[in-house]
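Me: I would like to go through this model with you step by step. Please keep the answers plain.

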Amino acid sequence: MRNKKNFLLLIALAILSFCVAAPVKFSVELPAFEKISLTDLPSCQVIRIINGNTIVVDMNNQDIKVRLTGVKPAEKYRAELALFVKNLLKGEDVYIVNDADQNEPNKYDYYVYRVPDGLFVNAEIIRQGYGLADTTTPFKYMAEFKQLEEFAKERSKGLWDVSRLESISQPAPIILPKTSTQAGDVIVYVTKTGKKYHRAGCSYLSKSAVPMKLSDAQARGYSPCTKCNPPQ
Ligand SMILES: [Zn+2]
């Protein structure tokens, strides 16, 4: 009887360990893009990154504003997207291709390919989870871009990473100021959006706490918090 119990327990443990160790199966695969010949196109240099889906390139000494077709930023992931695009394209040469199906006059929508490796930048942004497929107007690769979005979502990449949201919702660490006898070196804290400065530990600092010299805080027009009554 006791042996049988142990045996069942062993089976249960074996099943459990199998479940834990089994690799996660993904169902979404990467879409296949048609091969296009890029080398016949004139390349142009990226001269500015305006935001996550808009850049400026130099084409024959003319500045051309380029909006990345089919890509839209996620509301709370704009800064990350802009940084990602900056890292991908700053100082690089690119090929830009109109979407014949989609382009209308006064639009600046292009597919952007990085010259050295032919990286399809629009697709890469969505594949890595830095941006979303913009489905407001139809474009040639809409189905593929939606699939890339599902791919990133299933693998919790970039903006789809839930642990990222948890880390954001935690309050910023409060750094205790070093004690100083010089009034100018007293450290106070401001928030990203507020107009007051605070002592360390003030409850108004739960969202953000940016350390700053008292003199700097005063010079920048912050006024003392009435709750924690910081030095003035
Ligand atoms: Zn305060």
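Me: How many of the protein's residues count as buried, as a percentage?
Reply: Of the 232 residues, 27% count as buried. A residue is buried if 20 or more other C-beta atoms lie within 10 Å of its own, exposed if 12 or fewer, and partly exposed in between, with C-beta atoms placed from the backbone. This is a predicted model, in which local features need pLDDT of at least 70 and side-chain atom pairs count only at pLDDT 80 or more, while totals for chains, interfaces and linings use all residues. Residues are numbered from 1 along each chain as its sequence is written.

Me: How many helices and strands are there?
Reply: The protein has six helices and 11 strands. Both are DSSP runs numbered from the N terminus: helices are H or I with at least four residues, strands E with at least two.

Me: Which strands make up the barrel?
Reply: The closed barrel has five strands in the order β1-β2-β3-β6-β5, and its pairing is mixed. Neighbouring strands of this sheet are turned by 50 degrees against each other on average, direction ignored. Two strands pair if DSSP finds at least two bridges between them. Axes are lines fitted to C-alpha atoms, for helices over the stretch in contact, and angles run from 0 to 180 degrees between N-to-C directions.

Me: Where is the parallel pair?
Reply: Strand β3 (residues 62-68) and strand β6 (residues 109-114) pair in the parallel sense over two bridges. R67 has D109 of β6 as its bridge partner, and L68 has Y110.

Me: And how do β5 and β6 run, parallel or antiparallel?
Reply: They run antiparallel and are joined by five bridges; Y95 is bridged to Y113 in β6.

Me: Why is β6 described as largely enclosed?
Reply: Five of the six residues of β6 are buried, so the rest of the structure largely encloses this strand.

Me: What about the hairpins?
Reply: β1 and β2 form a hairpin with two residues between them, and they pair in the antiparallel sense over five bridges. N51 stands opposite T54 in β2. β2 and β3 are also antiparallel, over six bridges, and D58 has D63 of β3 as its bridge partner. In the hairpin of β2 and β3, N60 takes a positive phi near 50 degrees.

Me: Which strands does α2 lie across?
Reply: Helix α2 (residues 78-89) lies across β1 (44-51), β2 (54-59), β5 (93-98) and β6, and runs at about 170 degrees to β1.

Me: Changing topic: which residues of the largest nonpolar core touch the most other members?
Reply: They are V94, I96, V112, I125 and I126, in a core of 33 residues. The largest share of this core, five residues, comes from α2. Apart from it lies another core of 13 residues, among them V188, A209, L214 and C225. A nonpolar core is a set of buried Ala, Val, Leu, Ile, Met, Phe, Trp, Tyr and Cys residues joined through C-beta atoms within 7 Å.

Me: Now α4. Which of its residues are buried?
Reply: In α4, the buried residues are E144, F145, Q147, L148, F151 and A152. Seen down the helix axis, they fall within an arc of 160 degrees, so they line one face of α4. The arc is that of the directions from the helix axis to the C-beta atoms.

Me: What does that face pack against?
Reply: The buried residues of α4 pack against α3 (121-127) and β7 (132-133). Contact here requires C-beta atoms, placed from the backbone, to lie within 7 Å.

Conventions: Two residues are in contact if their C-beta atoms, placed from the backbone, lie within 7 Å.
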